[in-house]
Amino acid sequence: MKALRSGPVGARQWLRASAAAAMVMVAGVAQAAMVEYSATSLGGDVWRYDYRLVNDGPALAFDEFSVYFDAAGVTNLSVAASPAGWSSLVVQPDPQLPDVGYFDALHLSGLVPAGSTLGGFSVLFTAGQGFVPGAQRFELLLSEPFTTVYSGMTEAAVSAVPLPAPALLLLAGLGLGATLRRRRAAEGEFA
């Protein structure tokens, strides 16, 4: 806080450093690629997961992705929709092993372009008692040679509501400005 007491130059330096730190924190949460999901109950015990593939980070070479159904009691997986140029399939869970089921999609035209976002992947399934929709494991794969290049957890699809971070930064800046104005006014009265 010593920078605030040293006058307008110190306050500007502090503000620049704070803005730079905020940008680094926001940039630090960016991912190379991810799979977003939304879950919809279709009535009874039938559900649909809709997926969107987002490849907006540093370029990753992949042409396939898999999403795993780890939840107990998930049965009757079926591909409801897949975008043009993709070959999709499901593998049913096997309770005898036990093994999870999964959805897999292969891009038929080669690597998924960096900077792309693609939706239109949907999977229907029957959920067991107590099923709660949520994040699932996923893998991004390179089909030749068959290699996992990235793995993670799906993220809930974000609605069109703006993120709060810019608003919070604006409020913090306004608060800092008001504090500096009051401090300057107080210093002027006692000078």
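Visitor: Which residues form one aromatic cluster?
Guide: The model is predicted: local features need pLDDT of at least 70, side-chain atom pairs count only at pLDDT 80 or more, and totals for chains, interfaces and linings use all residues. Residues are numbered from 1 along each chain as its sequence is written, and side-chain values use heavy atoms, without hydrogens or water. The cluster consists of Tyr 37, Trp 47, Tyr 49, Tyr 51, Phe 65, Phe 69, Trp 86, Phe 103, Phe 121, Phe 125 and Phe 131.

Visitor: How many aromatic pairs does a search of the whole structure find?
Guide: Rings of Phe, Tyr and Trp (its six-membered ring) pair if their centres lie within 6.5 Å; planes under 30 degrees apart count as stacked, over 60 as edge-to-face and the rest as tilted. The whole-structure count of aromatic pairs is 15.

Visitor: How many residues apart in sequence are the parts that Tyr 49 and Phe 125 tie together?
Guide: Tyr 49 and Phe 125 are stacked, at 5.4 Å centre to centre and 20 degrees between the planes. Strands (E, at least two residues) and helices (H or I, at least four) are DSSP runs, numbered from the N terminus. Tyr 49 lies in strand 2 (residues 46–55) and Phe 125 in strand 7 (residues 116–126), so the parts tied together are apart in sequence by 76 residues.

Visitor: Is Phe 125 buried or exposed?
Guide: Buried means under 20% relative accessible area, exposed over 50%, partly exposed in between (1.4 Å probe, protein chains only). Phe 125 has 2% relative accessibility, so Phe 125 counts as buried.

Visitor: Why is the pair of Tyr 68 and Tyr 102 tilted?
Guide: The two ring centres of Tyr 68 and Tyr 102 are 5.7 Å apart. Tyr 68 is in strand 3 and Tyr 102 in strand 6, 34 residues apart. The pair is tilted because the planes stand at 50 degrees.

Visitor: In strand 8, what is the bridge partner of Ser 66?
Guide: Strand 3 (residues 64–69) and strand 8 (residues 137–142) run antiparallel and are joined by four bridges. Glu 64 has Leu 141 as its bridge partner in strand 8. For Ser 66, the bridge partner in strand 8 is Glu 139.

Visitor: How many residues lie between strand 8 and strand 9 in their hairpin?
Guide: These strands pair in the antiparallel sense over six bridges. The number of residues between the two strands of the hairpin is four.

Visitor: With which side chain does the side chain of Ser 143 make a polar contact?
Guide: Ser 143 lies in the loop between strand 8 and strand 9. A polar contact is a pair of N or O atoms within 3.5 Å; within protein, one must be able to donate a hydrogen and the other to accept it, and residues adjacent in sequence count only if both atoms are side-chain atoms. At 2.6 Å, the side-chain partner of Ser 143 is Asp 63.

Visitor: Which backbone oxygen does the side chain of His 107 reach at 2.6 Å?
Guide: His 107 is found in strand 6 (residues 101–107). At 15% relative accessibility, His 107 counts as buried. Its side chain reaches the backbone oxygen of Gly 110.

Key: Pairing = 2+ DSSP bridges.
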